[in-house]
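The sequence and model are shown first.

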Amino acid sequence: SDVIYLLPVVVVCCAILLMLRWRINVLSLGREGSETSGVNYKAVRMIVIVCTTLLTAVSVSVSGSISWIGLAMPHIARLICGNDNRFTLPCTMLCGSIFMVIVDILSRCISVNEIPLSIMTGILGAFIYVSVLIKKGKEIR
């Protein structure tokens with residue numbers, strides 16, 4: 001029943017972010033680079049901040065605090081798709097969804113009692129994040 005209240009905010013915010021994904025690439029150039037490219041830096045930045053804050057707020061209000069997913073999944077998506085936000089943003093959404101389904105299945109199957117999702121995401125997310133850091137460290141060297 002909570003999904004009915006969550007769905008409109010998620011659909012609208014995700015649609016806005018997906019429409020702005022090329023502008024998010026331009027934002028990575030900084031204020032001057034963005035404005036030189038014809039993007040209203042302040043407006044786009046504010047829209048992105050508001051949408052991501054709303055997505056985070058409604059998700060946490062329904063599912064509780066699920067650690068590591070917002071930190072690990074964008075890195076996984078960048079490894080798969082590269083740094084272009086036109087592809088990374090949808091890939092991050094897909095990776096996060098797949099990760100949460102896997103975590104939910106594992107939390108129900110590992111023990112007789114269901115393990116809280118925050119514990120499972122913490123364990124798996126920390127492992128994924130450390131693996132990404134090690135890989136990035138090797139690439140830098």
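## Helices H6 and H7

The model is a predicted one. In it, the axes of helix H6 (residues 85–109) and helix H7 (residues 117–140) cross at roughly 125 degrees and come within 9 Å. The crossing in which H6 passes H7 is right-handed.

On the H6 side, the residues that meet H7 are Phe99, Met100, Val103, Asp104, Leu106 and Ser107. Their partners in H7 are Leu117, Met120, Thr121, Leu124, Gly125 and Ile128. Sorted by class, the contact of H6 with H7 has 8 nonpolar, 3 polar and 1 charged residues.

## Helices H5 and H6

H6 also packs with H5: the axes of these two helices come within 8 Å and cross at roughly 125 degrees. H5 and H6 are therefore oblique to each other. H5 passes H6 in a crossing that is right-handed.

H5 contributes Ile69, Met73, Pro74, Ile76, Ala77, Arg78, Ile80 and Cys81 to the contact. From H6 come Phe87, Thr88, Cys91, Thr92, Cys95, Gly96, Phe99 and Met100. By class, the contact of H5 with H6 has 12 nonpolar, 3 polar and 1 charged residues. Phe99 and Met100 of H6 take part here, and Phe99 and Met100 are also among the residues that meet H7.

## The largest pocket

The largest pocket holds about 1300 Å³ of space. Its lining consists of 32 residues, and those nearest its centre are Leu55, Ser59, Ile69, Met93 and Gly96. Of these, Ile69 and Gly96 also belong to the contact of H5 with H6.

Which helices each supply at least two residues of the lining of the largest pocket? They are helix H1 (2–19), helix H4 (41–63), helix H5 (69–81) and H6. The largest share, 9 residues, comes from H6. By class, the lining of the largest pocket has 20 nonpolar, 11 polar and 1 charged residues.

## Overall fold

The protein chain has 7 helices and 0 strands. Along the sequence this reads as the pattern α-α-α-α-α-α-α. The C-alpha trace spans about 60 × 45 × 20 Å along its principal axes.

Technical notes. Residues are numbered from 1 along each chain as its sequence is written. This is a predicted model: local features need pLDDT of at least 70, side-chain atom pairs count only at pLDDT 80 or more; totals for chains, interfaces and linings use all residues. Side-chain values use heavy atoms; hydrogens and water are left out. Axes are lines fitted to C-alpha atoms, for helices over the stretch in contact, and angles run from 0 to 180 degrees between N-to-C directions. Helices (H or I, at least four residues) and strands (E, at least two) are DSSP runs, numbered from the N terminus. A crossing is left-handed if the near helix is turned anticlockwise from the far one by less than a right angle, and right-handed if clockwise. Contact means heavy atoms within 4.5 Å. Ala, Val, Leu, Ile, Met, Phe, Trp, Tyr, Cys and Pro count as nonpolar, Asp, Glu, Lys and Arg as charged, and the others, Gly among them, as polar. On a 1 Å grid over the protein atoms alone, a cavity is a set of points where a 1.4 Å probe fits but cannot get out, and a pocket is an open set with protein on both sides within 12 Å along at least five of seven lines; lining residues have an atom within 4 Å of a point. Grid points are joined across faces, edges and corners, and a volume is the space filled by probe spheres set on the points. Angles under 35 degrees count as roughly parallel, over 145 as roughly antiparallel, 65 to 115 as roughly perpendicular and the rest as oblique.
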